[in-house]
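Here is a short tour of one protein model, written to be read with the viewer open. Keep the sequence at hand as you go.

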Amino acid sequence: MLGNSDISRDMNRLAMHEIVKPLAWLRGTWRTKNPGAGKFPTIESFAYCEEITFSSIGQPMLNYSARSWNADTKNPLHYEVGFLKVVPDTKKVHFLLSHNFGVTTIEEGVFEDKHVKLKTTHIARPTEGQTRSRVIELQRQFELVGNCLQHTLYMATESTPELQEHLRATYVKYCEETDAQDNKIN
């Protein structure tokens, strides 16, 4: 049986698919430059660190993962994985995510230049075992400003039904060496 590192080594990494090349500026691993700000009316504000990765294996999408941790305690906070897909011949995107607290989301939106805006169209959760107030809507945006990626997430829940800013952070590319290797492949 092969481990994950064996699979990555054995799988062909193809050139970035043409359809996602307009989003190539997202590709790479990004880490918070300084701790991000987390807040919501029903919780105490907090500082967090996060690592976001957008990668391509040649399919018509970018693979995505994000993991965050408390800036003070270093304890894990959140993990999500998914895919950013471009609707052919448009500037529309779909962001398909699975979150570690038991929610899957489909976000749809648009991209232009170095800016992606998304809004949930579907939120699914298990039928049992959810104890916190349910998320009913998300909006987010990614924007490249200079060499930094900015991400802002707005959220609404059953107990706070109006969209509120929840997360805001600025990221820098973490691993330039990986990007240089990816560019050789592409």
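Two residues are in contact when they have heavy atoms within 4.5 Å of each other. With that in mind, 42% of the contacts in the protein chain between residues at least 6 apart in sequence join residues at least 24 apart. Please note that this is a predicted model, in which local features need pLDDT of at least 70 and side-chain atom pairs count only at pLDDT 80 or more, while totals for chains, interfaces and linings use all residues. Residues are numbered from 1 along each chain as its sequence is written, and side-chain values use heavy atoms, with hydrogens and water left out.

**The overall picture**

The protein chain has two helices and 11 strands, where helices (H or I, at least four residues) and strands (E, at least two) are DSSP runs numbered from the N terminus. Along the sequence, the pattern is α-β-β-β-β-β-β-β-β-β-β-β-α. The accessible surface comes to about 10800 Å², with 50% of it belonging to carbon and sulfur atoms; such areas come from the Shrake-Rupley method with a 1.4 Å probe, and for residues only the protein chains shown count as cover.

| Residue | Relative accessible area |
|---|---|
| Cys-49 | 14% |
| Cys-148 | 15% |
| Asn-70 | 17% |

**Asn-70**

Asn-70 belongs to strand β4 (residues 62–70). Its side chain reaches the backbone nitrogen of Thr-73 at 2.9 Å. Not counting residues up to four places away in sequence, Asn-70 touches Ala-47, Asn-75 and Leu-77.

**Glu-50**

Now turn to strand β3 (residues 43–55), where Glu-50 lies. Glu-50 is buried yet has no salt bridge, and the nearest side chain of opposite charge, Arg-140, is 6.9 Å away. Here a salt bridge needs a side-chain nitrogen of Lys or Arg within 4 Å of a carboxyl oxygen of Asp or Glu; Lys and Arg count as positive and Asp and Glu as negative, with His and the chain ends not counted.

Which side chain makes a polar contact with the side chain of Glu-50? That partner is Tyr-171, at 2.4 Å. A polar contact is a pair of N or O atoms within 3.5 Å; within protein, one must be able to donate a hydrogen and the other to accept it, and residues adjacent in sequence count only if both atoms are side-chain atoms. Leaving aside neighbours within four places in sequence, the contacts of Glu-50 include Trp-30, Arg-31, Ala-66, Trp-69 and Tyr-171.

Terms used
Buried means under 20% relative accessible area, exposed over 50%, partly exposed in between (1.4 Å probe, protein chains only).
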